[in-house]
4 protein chains.
Amino acid sequence: MSNVMNKAPMGWNSWDCYGAAVDEATVRKNAKFMADNLKACGWEYVVVDIQWAGPDAKDHEYIPFQKLAMDEYGRLIPAVNRFPSSVNGAGFKPLADYVHSLGLKFGIHIMRGIPRQAAAAHLPILGSSQTADQVAQASNVCEWNPDMYGLNPKKEGSRKYYESIFSLYASWGVDFIKLDDICREMPRLKDELVLISDCLRNCGREMVFSISPGPAVLDFAETYKQVANMWRITDDFWDKWELLYAMFERAEKWSVHTGAGNWPDADMLPIGPILQDYDKNSRTKFTEDEQYTMLTLWSIFRSPLMIGGEMTGFDEFTMKLITNERILKMHSDSRHSHQVWRKSIDGIEHVLWTSVSQEGGQYFAVFNTGESDSEISIDFADLEMPDGKKEVCELWSGETCVAEGSISIKLNKHGAKAFLAF
Amino acid sequence: MSNVMNKAPMGWNSWDCYGAAVDEATVRKNAKFMADNLKACGWEYVVVDIQWAGPDAKDHEYIPFQKLAMDEYGRLIPAVNRFPSSVNGAGFKPLADYVHSLGLKFGIHIMRGIPRQAAAAHLPILGSSQTADQVAQASNVCEWNPDMYGLNPKKEGSRKYYESIFSLYASWGVDFIKLDDICREMPRLKDELVLISDCLRNCGREMVFSISPGPAVLDFAETYKQVANMWRITDDFWDKWELLYAMFERAEKWSVHTGAGNWPDADMLPIGPILQDYDKNSRTKFTEDEQYTMLTLWSIFRSPLMIGGEMTGFDEFTMKLITNERILKMHSDSRHSHQVWRKSIDGIEHVLWTSVSQEGGQYFAVFNTGESDSEISIDFADLEMPDGKKEVCELWSGETCVAEGSISIKLNKHGAKAFLAF
Amino acid sequence: MSNVMNKAPMGWNSWDCYGAAVDEATVRKNAKFMADNLKACGWEYVVVDIQWAGPDAKDHEYIPFQKLAMDEYGRLIPAVNRFPSSVNGAGFKPLADYVHSLGLKFGIHIMRGIPRQAAAAHLPILGSSQTADQVAQASNVCEWNPDMYGLNPKKEGSRKYYESIFSLYASWGVDFIKLDDICREMPRLKDELVLISDCLRNCGREMVFSISPGPAVLDFAETYKQVANMWRITDDFWDKWELLYAMFERAEKWSVHTGAGNWPDADMLPIGPILQDYDKNSRTKFTEDEQYTMLTLWSIFRSPLMIGGEMTGFDEFTMKLITNERILKMHSDSRHSHQVWRKSIDGIEHVLWTSVSQEGGQYFAVFNTGESDSEISIDFADLEMPDGKKEVCELWSGETCVAEGSISIKLNKHGAKAFLAF
Amino acid sequence: MSNVMNKAPMGWNSWDCYGAAVDEATVRKNAKFMADNLKACGWEYVVVDIQWAGPDAKDHEYIPFQKLAMDEYGRLIPAVNRFPSSVNGAGFKPLADYVHSLGLKFGIHIMRGIPRQAAAAHLPILGSSQTADQVAQASNVCEWNPDMYGLNPKKEGSRKYYESIFSLYASWGVDFIKLDDICREMPRLKDELVLISDCLRNCGREMVFSISPGPAVLDFAETYKQVANMWRITDDFWDKWELLYAMFERAEKWSVHTGAGNWPDADMLPIGPILQDYDKNSRTKFTEDEQYTMLTLWSIFRSPLMIGGEMTGFDEFTMKLITNERILKMHSDSRHSHQVWRKSIDGIEHVLWTSVSQEGGQYFAVFNTGESDSEISIDFADLEMPDGKKEVCELWSGETCVAEGSISIKLNKHGAKAFLAF
């Protein structure tokens, strides 16, 4: 990637809360909230997730065979009934302009491929003599979404099609592309991924390139680094402890590939009100301790941080969770992050992570992944810190102490603490 | 299967010679030839293979996204430009009537599922309140053919759709259905296969039910027996020695599942002029010995016998090959067929098969699958024939001799001989 | 195999009842019983199973590192304390002579390889300049028995060693060798198996060559046919319904490899008193119906029949079970045995087998493998019998009837019936 | 592990040069050389590798079934003909004393298990009522070495046996145990490994615990950390580029488990004269560039450094290679080592590693793993170094420069350079 970001992206994505049915009012409302309340802490991306071209969408289910909004070149455009400002072919430009006016950045989700409708209608491809039916591959379909056909990366018309969509998105002012149905499909779809990345990189506008769904394939880490900014290391993440628990192993394996503009992505944060399309009162099922654990792990591992809940409904706890300056500093300031160990202490499993501060000192985070509260001692030798007295600050609370050789830590079941020692 | 056939079907299929582009004149010509020259030997089925609803077809390639001929209920009908007698909604009835008038039987190929066009157009299903888009499964597509979506077997509309097509085919007078994209997909598509079989069995007309493509899954042998009459045990078979050689192992494994209306199917016989869409002069690449081997193995194994070449172009050798009464008698008369051994004799691999004649006596066939001619002795003890003198007839030549204990046999490389001893 | 047997071996083996601890008195007693009571029905082999060289043996457990009886060339000889007649280097000759005097045949079990003791002591090999430590392979050991090292089949001394043991056994008058730790180890130990078979075939005395343990590897069926007379298709078989149930699938898969001196072996029959080393009152846990099922399947499948129980303790049921002339006739007279189908009828699974009688007529056997009694109809078309009236004899009972088209059969849960129709 | 070492062990091991046949004079000679020439740089362990109890040893081949030297409790002792000072039951104590007198540390290789000779002889176990034959597992043998039987970790006598050997080694003054035939056998031998580690940790003397052979199983990383100090991540490493090339991937995967007394081990350094038992003139086949690559990778990855060659025959290049203070400083001073990327630049594959200096500044090493020389630019952003001018020292040459943003580097094919920037 040419555009090296020195910290992982932070923002909001519509999926966890609105599925395939987010609309313009919701996006504007959340963008406004972010600008007013979160921008100062570093949160900046506002991303519209999947099937925004579908007029019939009403929840997390994909509607098969609905008539997607599409231009004469087979490029999907926003459904006007859901995104009114896109009327008259304006696309997402008015919405992107609004987000930019707030000092934020704008992103959209896309599926790889070309709409099945375009192939059935034999539509022309902008700038190519080939038509949609000639580049679409009839059996190259997504397992879980009904909209597109994959493209034959060897055909000239395929490149032209991908160039045509990124050109359109650049004209709208898009800053962030979340490309779906490709990340975990290595090596099967590697050629198509390289083609898409190449077209995106040359579209004339700098965009963060995020690929989904996970789990990404570890053996292709160097490929991901070369073509993308962030890649999903997990299938869809939701508010279940089993999924959060499983993230420790994923983060351990991917940690050496984090940094310098490359961000293995642990997926959105399902916090606050989520799944509103199912139930207007639905809220995250994570306990407060589990949410501390999640934010701590995502931050010391340096995952992108993308909020999944409806932000205007956040309570005080949730707001504090995502605006803790010390934790967010660890997220941006950490270097060389990695797990130190994972072991049972007095029958309770704990995990220890560490990273180096750019500004001197060493971060470490301790997780109780067992089923009881615990009080343990962390040996500084395990962290390979130099001998001598250390000033240690617990980052969630801001409390500080002086320690030598080791530090005693109390942890709730499923809870975490994070520290900076120097 | 209710309709137990006491011999495996024999006939002609258009694929090997005409691919996706067979037309009415060709079918009529071959049917007439069969009636005049082969019917007396037992050949009776005339089968129109794949994509007969496609007006653009011109060779073995499937044309993706062409506009298939279809009725208002999403049922494919013959493309009128290729099958002129189907004009005005007559479907295949006129052609079937013609075939019947010759004393023969008529068959067609179908793909599982519903046309993608029907789903995109939200067409109604005959006799159901559900529409095509509601029963089609967007990601359930064939790997190699672009026409259909698989159906959700749990939906009422899916059953209605399959009932509607078999009802149509019954009204045309179809005697044989070759259903494709399902046979080797066990257990993934077992429910859909059972549903289709059930609809076919209850359509009001008796039809042979043949399923493709292979290789069929051996662990599902009892399933195949219960739902179908014949099932392909190999992927497409062509005129290459490697494929013929591989059939020995397939036949060995499937032999115990042959008989009583159940016919593991070694695929069409690529003999005479084949692949005419590529080259009007193209002819089978099998040597004469290989063709003897093929017919001998198919016959003692009791495979269906479906001719793949353009019959009107058959030379004298080919005609003798498929009209040898003794070999065809072995095909219909064999019981309890199985391989006896497969081993190297003087460095040349040979295979020995046997079966029991319904009328007394024992068949056996010897194959030289090595790379040199050979002269070997077959020990009657290996065949578990009772002691004593045997009268032995070689079936291809009709020559007879008396042997006791063993018989000496000369074989060409890749050649075969077949015998009846009693 | 040069010596083609026209029926599968029948006899008695000491394992099921006495494990590693059988003694001479027991063998003599059972041989006498067989001669007096079973010989007339075709039972003839008396086989001494494993670790007969071990003086410490007391039950089914192998005693590791005990001092096995061995001659100066590292050849195991009977432990004199257990086989007194072997004193003064007589080996098994006196016992074999006794068995022969009864008109029966004598067999022994051996492990592949050379005793570990011989390698540790660097013993000479008869007729070779190599010593035991030079041909033994230190890491080539049996997973479950502690006595031997496998031999390097490429070394001249290995062949000499195997020749030396078969020469010794021939001098004793052994008629049957059960070689262990090799059958299921294909392809790893194929070279050693071929070497052993070759040495056995050339030892100057004809012996049945039986290999264990199972499950034999189906892909090596032709190898087994060429090197052995019988091979175990299952791991140790005991008196549990799950094991008997599993034998149907094994028998189905191996049926085409049965006959003409080749006998896939379903293992000993655990009937009557068994496991006497654990409990003097222990008897088979199979129900009477399960025993009918076992004998019926073994017989129509043409497995070797080796009694596993202490014969002198057989009750009347057991004696009738193994002396039914019609069933034993089916065992020796069947040809072309195979399963016809296996399916659920009214929710109860049934299995149908058939074979051809050498003398005309067709056998079939019906098994109820479900969990309720049943009454079903067998369609003669499934058996591919010619049309017309059939005289049908049920073989266990001897009852006969005349049937046409089908026959109605009552079966107990886990029970079986066998028929001859002509 | 209780005894946390703050740097990975450095020393010499007899295997690469002398195989199973090293003798006392050789060990003394190399120890003296190390004390005189290398101790000052941090080299300190002198390790006697495999089968030192075998009197017949003469090269790298293991002699099966030779009579190993053993005490009355089945504990192996040095073969007196090879280690004269061990006469009269002195064991390795005199040799260890000599090594200690030089200011160095002494290590030995052992196989897991108990000598087969001890089991065959039913020897007593010190402090236990069980005998060797009762704890040895007859089928639990090493695939490649003929000496031992594995022990049943559940038996009391097994623990006693392991306690007895470590007690003996402690009495000799052993500082380092290289335990073989266990590391890659996870999870099969995990219980035996935990038992051995436990016995070693409680023997009363601190010893480095090194386990072999590799490749270690990545999923058991936390187990290795808990039971051992170093574990082999590769099968035997020799002087072949393919093996060195493969180490990059192994090092990448294991890097997060390095440090704080835990040392994934890339195996001995085959430098200088090696394989002397085959050929007295044999020398490493690695080019000088490959040796730079090896030392650079081992050092920044923090592998143990164990010299494999005959040190008294080292030439000037080899001496400089292993006495470069800056490289050895990187080895001991590095923290948080990891690969940054691995990619093709102008068609030539390169690898970039980094680590953090304890004393400030950042190490990085660049490898040309392609087949041509190259000149490339390393972007400091990839290393996530803070902006601004850096003073950069190339560690092999000691040359320094000032760079900002990036640095241009020339590399030979298969060569490497290492840097410290601050």
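## Symmetry of the copies

The model is a predicted one. Of the interface residues of chain C, 100% are also interface residues in chain D, so these copies meet through the same surface.

Chain A also superposes on chain D, by a rotation of 180° with 0.0 Å of shift along its axis. The RMSD is again 0.0 Å. His336(A) comes closest to this rotation axis among the residues of chain A, at 3.1 Å for its C-alpha.

## Where chains A and D meet

Chain A gives 31 residues to the contact, and chain D gives 32. About 2,300 Å² is buried between them. Carbon and sulfur atoms give 47% of that area. Val256(A), His336(A) and Glu384(A) supply 30% of what chain A buries against chain D, more than any other three residues.

Here too the surfaces match: 100% of the interface residues of chain A are also interface residues in chain D, so the copies meet through the same surface.

## Polar links and elements

Six salt bridges are found across the interface of chain A and chain D. One of them joins the side chains of Arg335(D) and Glu384(A), at 3.8 Å from N to O. Between the two chains, 14 residue pairs are in polar contact.

On the side of chain A that touches chain D, the elements giving two or more residues are α8, α9, β12 and β13 of chain A. The largest share, eight residues, comes from β12(A). By class, this side has 10 nonpolar, 10 polar and 11 charged residues.

How values were computed: Residues are numbered from 1 along each chain as its sequence is written. Chains are lettered from A and ligands numbered from 1 in the order in which they are written. This is a predicted model: local features need pLDDT of at least 70, side-chain atom pairs count only at pLDDT 80 or more; totals for chains, interfaces and linings use all residues. Side-chain values use heavy atoms; hydrogens and water are left out. Contact means heavy atoms within 4.5 Å. Copies are superposed by least squares on the C-alpha atoms of residues with pLDDT of at least 70 in both. Buried area is the accessible area (1.4 Å probe) that two parts lose on being put together, summed over both. A salt bridge is a side-chain nitrogen of Lys or Arg within 4 Å of a carboxyl oxygen of Asp or Glu. A polar contact is a pair of N or O atoms within 3.5 Å; within protein, one must be able to donate a hydrogen and the other to accept it, and residues adjacent in sequence count only if both atoms are side-chain atoms. Helices (H or I, at least four residues) and strands (E, at least two) are DSSP runs, numbered from the N terminus. Ala, Val, Leu, Ile, Met, Phe, Trp, Tyr, Cys and Pro count as nonpolar, Asp, Glu, Lys and Arg as charged, and the others, Gly among them, as polar.
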